[in-house]
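Welcome! Please take a look at the structure below, and then we can walk through it together.

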Amino acid sequence: KKMDEIILQLDNSAAQSPLNEIWLDVQEVCILLKISKRTLQHYRDKGMLPFSQISGKIYFKASDLQKHLEDNYRK
């Protein structure tokens, strides 16, 4: 039970720190979603996926990708 409490505390602290978020670049996202760079560009242009850009390099939060997949899940 103590171990479960420690793991829960670590998970909660990780969720609160933005630096613990997994960030993926364009190539990693394309591989993960099995889409082309152009399709990913379309998603960005349409505002379907939030992103961050630093010196021309684009990054996506893994949690945003997960949310996008869950929001578009069809049973």
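**A first look at the fold and its rings**

F60 counts as buried, at 0% relative accessibility; buried means under 20% relative accessible area, exposed means over 50%, and partly exposed lies in between (1.4 Å probe, protein chains only). This is a predicted model: local features need pLDDT of at least 70 and side-chain atom pairs count only at pLDDT 80 or more, while totals for chains, interfaces and linings use all residues. Residues are numbered from 1 along each chain as its sequence is written, and side-chain values use heavy atoms, leaving out hydrogens and water.

**Rings and a charge**

- By the ring rule (centres of Phe, Tyr or six-membered Trp rings within 6.5 Å), the count comes to one aromatic pair.
- That pair is F51 with F60, 6.3 Å centre to centre and with 50° between the planes, so the pair is tilted (under 30 degrees is stacked, over 60 is edge-to-face, and the rest are tilted).
- F51 is partly exposed, with a relative accessible area of 39%, whereas F60 is buried.
- The charged end of R44 sits over the ring of F51, 5.1 Å from its centre (the rule asks for NZ of Lys or CZ of Arg within 6 Å of the ring centre and within 35 degrees of the ring normal).

**Strands and helices**

- The protein has four helices and three strands, where helices (H or I, at least four residues) and strands (E, at least two) are DSSP runs numbered from the N terminus.
- Along the sequence, the pattern reads α-β-α-α-β-β-α.
- The three strands form an open sheet in the order β1-β3-β2, with antiparallel pairing (a pair needs at least two bridges found by DSSP).
- β1 (23-25) and β2 (52-54) are the edge strands, each pairing on one side only.
- Three bridges join β2 to β3 (residues 57-61) in the antiparallel sense, and Q53 stands opposite I58 in β3.
- Helix α2 (residues 26-33) lies across β1 and β3, at about 95° to β1 (axes are lines fitted to C-alpha atoms, for helices over the stretch in contact, with angles from 0 to 180 degrees between N-to-C directions).

**The whole protein**

- Of the 75 residues, 17% count as buried.
- Among contacts (heavy atoms within 4.5 Å) between residues at least 6 apart in sequence, 47% join residues at least 24 apart.
- The accessible surface comes to about 6,300 Å², and 54% of this belongs to carbon and sulfur atoms (areas come from the Shrake-Rupley method with a 1.4 Å probe).
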